[in-house]
Structures are given as C-alpha cells and as structure tokens.
Amino acid sequence: CNDSQSSLSVNCLDRHVHIAPNKVALIWEKDEPGKEVRVTYRELLELTCRLGNTLKRQGVKRGDRVTIYMPPCPLAVASMLACARIGAVHTVVFAGFSSEALADRIRDGKLITVNQGLRGGKVIELKQTVDQAVRACPLVKRVLVSMRTEQKVPMSELDVPLEEVRCHVELPPTSPQGREMMKEDVCCEPAVMESEDLLFLLYTSGSTGKPKGLVHSQAGYLLYAAITHKYVFDYHDGDVFGCMADIGWITGHSYVVYGPLCNGGTTVLFESTPVYPNPVERLRINQFYGAPTAIRLLLRYGDEWVKRYDRSSLKTLGSVGEPINREAWEWYFNVVGEARCPVVDTWWQTETGGICISPRPSTPVMTKGIIFQGNVITENNASGALCISQAWPGMARTIYNDHKRFLETYLMPYPGFFFTGDGAYRTSQGYYQLTGRLDDVINVSGHRLGTAELEDIVHGAVAESAVIGFPHEIKGEGAYAFIVLKKGTDISQERLSNELKELVSKKIHGGSPFPTRLPKTRSGKIMRRVLKKIVEDKADELGDLTTLDDHEAVEEIIEGHKRLLQEEQG
C-alpha cells in the first residue's frame with residue numbers, strides 16, 4: 001500500500017504495522033464478561049482495507065458521507081478508519097439513540113450497522129431502529145449490515161450484508177447472507193487528503209433546536225487528539241489505555257480511537273457497562289478515563305466492592321463529561337487510585353476536539369482558557385464565562401451546512417474569543433473550577449450561583465445530586481435539589497433536607513425529593529433542563545427526549561415533585 005503520510009489512516013495504522021505488526025491495537029471488552037477479543041495492528045489494517053474496498057465497490061466516493069450506527073467493536077473502529085482511508089466523511093451515531101434521533105443525524109449516502117447490539121446482557125434491536133429511521137431518509141442509498149449475533153433479521157433492497165473479517169480473532173458465526181468483505185483485497189490505496197479536508201461530523205444536541213453537526217478536519221484534529229492523549233495521561237509505549245466512552249461521542253473518537261491509535265497504543269473498547277472494576281484487574285489497564293456519573297455510581301456501593309480487585313496496574317485516573325464533585329474526586333483518588341494515581345479532571349467539548357484544560361502536563365501544550373464577565377478578567381478569585389483566546393488545532397471548523405449558526409453560537413457573543421457556553425471560577429491559586437453551563441446559573445437574592453457549586457456540597461448520605469433554579473416570589477429564584485442517597489442510607493427526608501439547607505445557606509430555599517435515579521442522557525450527563533421543566537410545572541413541555549436513557553426516572557421525579565408540593569401546601 002501507498003505510504004503517503006497525508007492519510008490519517010496511514011498515521012493510525014500503516015506506520016505502526018511497519019514497526020510492530022503484531023502489537024495489540026484493540027482489546028474488545030465484549031458484553032460477555034471475560035471474553036475479550038484482541039486485534040493486532042496488522043489485523044486492524046487488513047479489516048480497514050477490506051471495508052474500504054467494500055465501501056468503494058458500493059459507490060462511496062471521496063467527500064461522501066457515511067453514517068455509522070454500531071456498538072463499540074473492532075468493525076466500528078475499522079469503519080471509521082476505512083472512511084478516512086478512502087476520503088469519505090463519517091458520522092458516528094451512538095447506538096443507543098432512537099430511530100428519530102438517528103434520522104435527524106443521517107443526511108444521505110451510506111449507513112453501516114449491525115443486526116443487534118448487546119449491552120448489560122440486553123439485546124438491542126439496532127437493525128429495526130435503522131429500518132425505521134431510513135423510512136424518513138429517502139436519500140439513503142445503501143445500508144451495510146454486519147452480524148453481531150446469530151439472530152437473522154429481515155433485509156430490504158437497500159441492505160448489503162457484510163462479513164465480519166477478523167483474521168485470526170474470534171467472531172460471531174459467518175453470515176449466511178453473504179461474504180462481501182471476504183472478496184475484497186487486504187490492500188486499499190489511501191487517499192491523499194488536504195489538512196483541512198473534512199474528517200468527520202459529530203452531532204451534539206442542545207436544549208433547543210435541531211442537533212448541530214460539528215465539522216472536524218483531518219490534520220489539526222489528529223494532531224490535537226494524539227498530543228493530548230500522550231501528555232495529559234502520561235501515556236507511554238506498552239501502556240493499556242482504558243477510556244469508558246462509547247465511540248458515538250467525541251470522547252470515544254479522540255481517546256478510544258484516534259488519539260491512542262495515532263500514538264501506536266493499545267486501546268480498550270468497552271461494549272458492556274463500564275461500572276464494574278474487574279476489567280482493570282484482568283486487562284491490566286494503566287490509564288482509566290471515565291465519567292463522574294460512573295464514579296458516583298461505584299461510590300454508592302461502598303469501598304469493598306472496588307477493593308476486592310487488584311488495581312496495581314493503574315497509573316493515571318481521568319474524569320470527563322461534567323464537573324466532578326469533591327466527595328467523588330476524593331473517593332476516586334483515595335480508594336480507586338489508592339492515593340498514588342493522579343486524577344486528571346479534564347474540561348473540553350465536542351467543539352474543541354480534545355482536552356483544553358487539565359491539571360497535566362505541568363508545561364501547558366494547550367491553549368489557555370480565559371474568563372470573561374463583560375470584560376477580560378485577569379485577577380484570581382473571579383468567575384464568569386469561560387472563553388478561549390486563540391485558535392487551536394483540534395477546534396471544530398463549522399456547523400455542517402450552517403456556518404451562520406456556528407458564528408452566532410461561538411464567535412459573536414464575545415468578538416475575538418471562542419465562547420464555550422460554560423461558566424468557570426478561577427481560584428486564588430489560578431486553578432479553574434467549572435461551575436456548569438451558563439444557562440444553569442441561578443440568581444438567588446441577587447447572588448449568582450452555579451449549580452455545580454451547590455452540587456459540590458459534601459454530605460455523608462448523598463451519592464449524587466442535581467440542582468436547578470425555579471421561580472421564587474421573594475428571592476427571584478430558588479435552588480431545587482434532587483438527591484440520590486447512598487445504598488443502605490438510613491436517614492429521614494426531613495433531617496437530611498434540614499442539614500443540606502444549613503450547609504448551603506440560610507438564604508437559599510431548597511426542596512429535596514429523594515429519587516432513586518436522575519434523568520440522564522445515554523452518555524451519562526444529567527438532563528437538568530428536564531428537571532427544570534418539571535419544577536416549573538411544565539411536564540408536558542419536556543422537549544426532545546431522544547437522548548434520554550431511562551424514561552421511568554422522569555416519571556418518578558414528576559410524582560416526587562407532586563408529593564413535595566402537596567406536603568408544602570398541607
């Protein structure tokens with residue numbers, strides 16, 4: 001194959017195959033615990049080339065868009081790399097999204113999926129979801145279908161069965177419906193791409209409007225993903241990097257696929273739920289990168305559940321997705337990391353392409369965040385809007401087919417700066433503490449409070465919390481806290497409510513219903529806008545819930561809010 005270094009897939013695969021072809025590139029932690037599959041760089045390159053040739057045979061050309069709707073697995077990674085290899089633009093959609101959400105993210109061209117997905121022992125009918133979505137997308141020309149399970153699924157005239165070629169690794173049985181990929185050559189000439197050519201689109205949804213298709217380009221994105229992966233996590237050759245994110249999110253793109261593979265690393269694909277720690281022991285993971293949601297979930301079960309496993313391989317712990325509260329951070333550091341592993345609490349966004357703020361490295365390699373509050377604030381002990389003062393390689397270039405929206409959202413609010421939409425506080429030592437989205441800031445009696453600040457209140461009985469503002473006749477806004485208790489906690493609602501109010505402030509009015517879970521997206525982020533609508537008695541105006549993971553959690557909170565109102569009125 002051509003050795004052109006102008007190809008992203010060459011930088012992630014070919015150059016490592018020349019040096020260490022049998023080095024493990026992927027460890028697929030399947031939904032069946034203890035049955036991981038290891039894929040070498042040579043095997044991944046062959047799979048990528050076969051799939052790239054298959055895509056070309058199906059009419060995919062340079063610049064075409066290919067939607068990937070698959071769970072984390074080697075074929076999903078190869079699909080991303082195959083698109084990059086032939087110059088196509090991939091759009092990975094999280095395999096938990098509904099048909100409506102999938103349809104919103106499909107534009108035209110081709111779609112790659114599997115018959116079924118597996119997660120937590122449950123079967124997810126992905127092909128059925130695709131069939132429903134495609135009915136609303138008449139421009140879709142082909143659907144390439146792989147067999148994750150043995151279950152046969154109905155095939156339409158748009159469908160092309162794929163054979164999962166994994167070389168020498170264990171795979172599901174051969175599809176009886178076709179052997180398309182087996183016919184293809186293991187060499188696929190890489191397209192030579194310009195640095196600013198499109199690499200992928202990734203859709204991020206807000207509280208209003210259609211999902212935004214953020215555009216990331218070739219060279220700058222790969223450089224930024226690789227350098228932040230190496231230096232933020234102190235990655236060294238031979239380490240096993242374990243990022244819990246699904247490949248359908250930007251974290252999965254940057255720190256499951258592109259960053260580790262560009263650095264020639266071994267990266268773990270978690271198909272199952274990542275909240276149990278024994279893969280760390282069995283796979284000897286060195287860097288663990290997860291969300292505060294999963295950390296808090298582990299915390300609820302106490303120390304012994306974690307301590308039963310050997311965690312001596314761990315060198316670095318990472319946190320991503322939303323602010324981590326103090327108690328979870330201390331438990332993560334002291335219990336999971338045995339007080340010897342640094343905790344890298346990272347801030348970044350889909351829009352940034354990679355990590356922008358972190359405690360490491362000590363010598364900054366990333367652009368510095370700047371705090372605004374009408375004007376640039378240079379002193380410490382200050383809060384405001386978090387903006388970025390200069391361009392960086394991994395930043396999104398535009399919103400697909402809507403550059404005006406890109407300018408209005410990110411560049412016009414503070415001319416000359418990139419507006420992140422997040423609020424931050426800079427401490428007396430110059431450290432940044434994220435206070436949450438600016439639309440999550442509440443104003444109580446003239447005091448602006450970030451919801452993350454209130455959620456950081458430490459109480460021994462609380463495992464997780466979410467705070468939103470609600471209209472208050474006297475104070476303008478009040479703080480409404482939703483509390484999830486630790487397992488086995490024996491404390492009355494009245495006592496805990498009183499103790500929490502004292503901890504926050506005598507001036508803050510707060511309700512505290514005790515749900516068993518909070519409404520979250522499938523990536524683990526708390527949907528505070530849903531909580532806010534419920535508190536405002538607008539439960540019939542909850543908006544787009546396609547990313548909601550558990551609809552029963554919403555119903556439970558609606559009922560809890562009604563009971564709280566009845567108690568106050570009584």
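Visitor: Which residues of α6 are buried?
Guide: In this predicted model, the buried residues of α6 are Gly220, Tyr221, Leu222, Tyr224, Ala225, Ala226, Thr228, His229 and Val232.

Visitor: And what covers them?
Guide: The cover over the buried residues of α6 includes α1 (8-19), β10 (198-204), β11 (212-217), β12 (240-243), α7 and β16 (343-345).

Visitor: Let's take α7 from that list. How do the axes of α6 and α7 cross?
Guide: Helix α6, residues 219-232, and helix α7, residues 250-262, have axes that come within 8 Å and cross at roughly 80°. Angles from 65 to 115 degrees count as roughly perpendicular, and α6 and α7 are therefore roughly perpendicular to each other.

Visitor: Which residues meet there, and of what class?
Guide: From α6, the residues Tyr221, Leu222, Ala225, Ala226, Thr228 and His229 meet Ile250, His253, Ser254, Tyr255, Tyr258, Gly259, Pro260 and Cys262 of α7. Sorted by class, the contact of α6 with α7 has nine nonpolar residues, five polar ones and no charged ones.

Visitor: What span should α6 have, and what do its ends give?
Guide: At 1.5 Å a residue, the 14 residues of α6 should span 20 Å, and the C-alpha atoms at its ends are 20 Å apart, which agrees.

Visitor: What follows the helix α6?
Guide: Asp234 follows α6, and the phi of Asp234 is positive, near 55°.

Visitor: How accessible are Glu338 and Ala339?
Guide: Glu338 is partly exposed, with a relative accessible area of 37%, and Ala339 is also partly exposed, at 44%.

Visitor: Back to β10, then: how many of its residues are buried?
Guide: Six of the seven residues of β10 are buried, so the strand is largely enclosed by the rest of the structure.

Visitor: Which strands does β10 pair with, and in what sense?
Guide: Strand β4, residues 89-92, pairs with β10 in the parallel sense over two bridges, and in β10 the bridge partner of His90 is Phe200. With β11 the strand β10 runs antiparallel, joined by six bridges, and Leu198 stands opposite Ser217 in β11.

Visitor: Changing topic, what is the strand order in the open sheet?
Guide: The open sheet has seven strands, in the order β2-β1-β13-β12-β14-β15-β16, and the pairing is mixed. Its edge strands are β2 (37-40) and β16, each of which pairs on one side only. From one strand to the next, the twist averages 20°.

Visitor: How are β1 and β13 joined?
Guide: Strand β1, residues 24-29, and strand β13, residues 266-270, run parallel and are joined by four bridges, with Leu26 standing opposite Thr267 in β13.

Visitor: Which helix packs on the sheet, and where does it touch?
Guide: Helix α2, residues 41-57, packs on the sheet and touches β1 and β2, and the direction of α2 makes about 80° with that of β2.

Terms used:
Residues are numbered from 1 along each chain as its sequence is written. This is a predicted model: local features need pLDDT of at least 70, side-chain atom pairs count only at pLDDT 80 or more; totals for chains, interfaces and linings use all residues. Side-chain values use heavy atoms; hydrogens and water are left out. Axes are lines fitted to C-alpha atoms, for helices over the stretch in contact, and angles run from 0 to 180 degrees between N-to-C directions. Angles under 35 degrees count as roughly parallel, over 145 as roughly antiparallel, 65 to 115 as roughly perpendicular and the rest as oblique. Contact means heavy atoms within 4.5 Å. Ala, Val, Leu, Ile, Met, Phe, Trp, Tyr, Cys and Pro count as nonpolar, Asp, Glu, Lys and Arg as charged, and the others, Gly among them, as polar. The expected span of a helix is 1.5 Å times one less than its number of residues. Buried means under 20% relative accessible area, exposed over 50%, partly exposed in between (1.4 Å probe, protein chains only). Two strands pair if DSSP finds at least two bridges between them.
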